[in-house]
Amino acid sequence: MDTLIIGCGNLLRGDDGVGPILIRRLWEIGLPEGVRVADGGTAGMDVAFQMRGADRVIIVDACRTGAAPGTLYRVPGEQLEQLPPPEGINLHAFRWDHALAFGRWLLKDAYPRDITVFLIEGECFDHGAPLSPAVQTQMEALAQWLVTMLNSTDAVR
């Protein structure tokens, strides 16, 4: 099964960079066979095109909900299937959730069958800040878990 892990976020804004930093960490750890990664950065449109033909897509990004920093949320694809199509969106505001709706419309049969989104609650989104300790710890745990799960089984669900 072809698995694509996409890390989204802005490397220049502290915890918002957790997705791309996780992608770099996965390269360091070593990718299981059949797994590829992409730095989705802040280009949601690129995320939609990266997904073409993948069987499974895992997206990692930061979020701000007011929960404790480092809290991990797992959003199964079933909850994302009914995303509305993006309307009135410009490329500067095109996020991964818009990419999923756009990708479903654009890719048709080449749209991934299995999508999971992991969101890590951020603490500091200041320009030039490093990852906060809680986000760094959760990112490392998620990276290790992903590699272990993808090496040992064909299911991340």
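This report describes the fold, the surface and selected side-chain interactions of one protein chain.

The model is predicted: local features require pLDDT of at least 70, side-chain atom pairs count only at pLDDT 80 or more, and totals for chains, interfaces and linings use all residues. Residues are numbered from 1 along each chain as its sequence is written, and side-chain values use heavy atoms, with hydrogens and water left out.

**Overall architecture**

The protein chain contains four helices and five strands, arranged from the N terminus in the order β-α-β-α-β-β-α-β-α. Helices (H or I, at least four residues) and strands (E, at least two) are DSSP runs, numbered from the N terminus. Among contacts (heavy atoms within 4.5 Å) between residues at least 6 apart in sequence, 76% join residues at least 24 apart.

Of the 157 residues in the protein chain, 46% are buried. Here buried denotes under 20% relative accessible area, exposed over 50%, and partly exposed the range in between, with a 1.4 Å probe and protein chains only. The accessible surface of the chain amounts to about 8000 Å², and carbon and sulfur atoms account for 53% of that area. Accessible areas come from the Shrake-Rupley method with a 1.4 Å probe; for residues, only the protein chains shown count as cover.

**Aromatic interactions**

Rings of Phe, Tyr and Trp (its six-membered ring) pair if their centres lie within 6.5 Å; planes under 30 degrees apart count as stacked, over 60 as edge-to-face and the rest as tilted. By this rule there is one aromatic pair. The ring centres of Phe118 and Trp145 are 5.9 Å apart and their planes stand at 70 degrees, so the pair is edge-to-face. It links distant parts of the chain, with Phe118 in strand β5 (residues 114-121) and Trp145 in helix α4 (residues 133-152), 27 residues apart. Phe118 is buried, at a relative accessible area of 2%, whereas Trp145 is partly exposed at 31%.

A charge sits over a ring if NZ of Lys or CZ of Arg is within 6 Å of the ring centre and within 35 degrees of the ring normal. The charged end of Arg64 is placed in this way over the ring of Phe125, 4.0 Å from its centre.

**Salt bridges**

A salt bridge is a side-chain nitrogen of Lys or Arg within 4 Å of a carboxyl oxygen of Asp or Glu. The count comes to five salt bridges, including those tabulated here.

| Salt bridge | N to O distance |
|---|---|
| Asp2 and Arg36 | 3.4 Å |
| Arg24 and Asp39 | 3.1 Å |
| Glu28 and Arg25 | 3.1 Å |

The side chains of Asp2 and Arg36 meet in one of these bridges. Asp2 lies in the segment before β1 (3-8) and Arg36 in strand β2 (residues 35-41), so this pair ties together parts that are 34 residues apart in sequence. Asp2 is partly exposed, with a relative accessible area of 24%, and Arg36 is partly exposed at 30%.

With Arg24 in helix α1 (residues 18-29) and Asp39 in strand β2, the pair ties together parts that are 15 residues apart in sequence. Arg24 is partly exposed at 39% relative accessibility, and Asp39 is partly exposed at 38%.

Within helix α1, Glu28 and Arg25 are three residues apart and thus separated by about one helical turn. Glu28 is exposed, with a relative accessible area of 59%, while Arg25 is partly exposed at 23%. Salt bridges that share partners join Arg25, Glu28 and Glu140 into one network.
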